[in-house]
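Please examine the structure below together with its sequence.

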Amino acid sequence: MIVGAIYIYTSGAYSAWYTPWAAFFTALIFGLLLEVLRQSSPGDTKMMAVSAFLITGALPSVFFLHIGIGVVIFHLLLFILYTYGYLIVKIGPVNTLKEQINTVKTILMPGMPIDNTRIFDHFPGATTIMGGGLLYIAVSVLYIF
């Protein structure tokens, strides 16, 4: 992050010094929210925040809120795709759909028994955060041009 900060501030691409920090804190806030919901670990939160900081160096013309939120959303998108792909391979598409319907019933109807099925013991969030960041850069570059 220190090398990225030196690059960002010496390249002179910004008129405002706070732009990378605003993206950093935006991703940090959403990462902490995911931690509270037990959907993320502290290491994943740090990586999302640092990724948002560094992506501002690659995309200086993109609004910092778009970068901070985009890193989190693209990470979650890849995580969802990976999770559903894993479930479909493991238990099949019909059982995956049934399990998701039961999960929605558990959330919406109080008193339903909660299924404690664990899909992953330890999921490497760094891979989807890095992939989500790269995917966000690619989408942003295609959108700009």
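## L87 in helix α4

L87 is part of helix α4. With a relative accessible area of 5%, L87 is buried, because buried means under 20%. This is a predicted model, and the values given here are computed from it.

Leaving aside residues up to four places away in sequence, L87 touches G92, T96, E99, Q100 and I119.

## G85 in helix α4

Helix α4 spans residues 64–91 and also holds G85. Is G85 buried or partly exposed? Its relative accessible area is 34%, so G85 counts as partly exposed.

G85 and T96 are 11 residues apart along the chain, and 9.7 Å separates their C-alpha atoms. T96 is also among the residues that L87 touches.

## G132 in helix α6

Helix α6 covers residues 125–144 and contains G132. The relative accessibility of G132 is 0%, and G132 therefore counts as buried.

Which residues does G132 touch, not counting those up to four places away in sequence? They are F74, H75 and L78. A further pairing is given by distance: G132 and F79 are 53 residues apart in sequence, yet 9.1 Å apart in space, C-alpha to C-alpha.

## S51 in helix α3

S51 belongs to helix α3, which runs over residues 42–58. At 14% relative accessibility S51 counts as buried, since the limit for that class is under 20%.

When residues up to four places away in sequence are not counted, S51 touches V71 and I129.

## Aromatic pairs around W21

Six aromatic pairs are found in a search of the whole structure. One of them joins W21 and F24: the centres are 5.6 Å apart, the planes make an angle of 70°, and the pair is edge-to-face. Why are W21 and F24 separated by about one helical turn? The reason is that they are three residues apart in helix α2. W21 has a relative accessibility of 30% and so counts as partly exposed, whereas F24 is buried at 13%.

W21 also pairs with F25, in a tilted arrangement with 6.4 Å centre to centre and 35° between the planes. The angle is classed as tilted because planes under 30 degrees apart count as stacked and those over 60 as edge-to-face. W21 and F25 are four residues apart in helix α2, and therefore about one helical turn separates them. F25 is partly exposed, with a relative accessible area of 44%. W21, F24 and F25 form one aromatic cluster together with F53.

## Nonpolar surface patch

M1, Y9, W17, Y18, W21 and F25 make a nonpolar surface patch of about 650 Å². Two of these residues, W21 and F25, also take part in the aromatic cluster.

Over the whole protein, the accessible surface comes to about 9500 Å². Carbon and sulfur atoms account for 72% of that surface.

## Overall make-up

How many helices and strands are there in the protein? There are six helices and zero strands, and the pattern read along the sequence is α-α-α-α-α-α.

The protein has 145 residues, and 33% of them are buried. L87, G132, S51 and F24 are among the buried residues. Of the contacts between residues at least 6 apart in sequence, 68% join residues at least 24 apart.

## Confidence of the prediction

The average pLDDT of the protein is 82, and 90% of the residues score at least 70. Among the elements, helix α2 (residues 19–36) has the highest mean pLDDT, 90. The lowest mean, 78, belongs to helix α1 (residues 2–11).

W21, with its two pairs described above, lies in helix α2, the element with the highest mean pLDDT.

Notes:
Residues numbered from 1 in each chain as written. Predicted model: local features only at pLDDT ≥ 70, side-chain atom pairs only at ≥ 80, totals over all residues. Heavy atoms only, no water. Buried < 20%, exposed > 50% of the residue type's maximum accessible area, 1.4 Å probe, protein only. Contact = heavy atoms within 4.5 Å. pLDDT = per-residue confidence, 0-100. Patch = residues over 30% accessible without salt bridge, like charges linked within 9 Å, V, L, I, M, F, W, Y side chains within 5 Å. Areas by Shrake-Rupley, 256 points an atom, 1.4 Å probe, with all protein chains shown as cover. Salt bridge = Lys/Arg side-chain N within 4 Å of Asp/Glu carboxyl O. Phe/Tyr/Trp six-rings, centres within 6.5 Å; stacked < 30°, edge-to-face > 60°.
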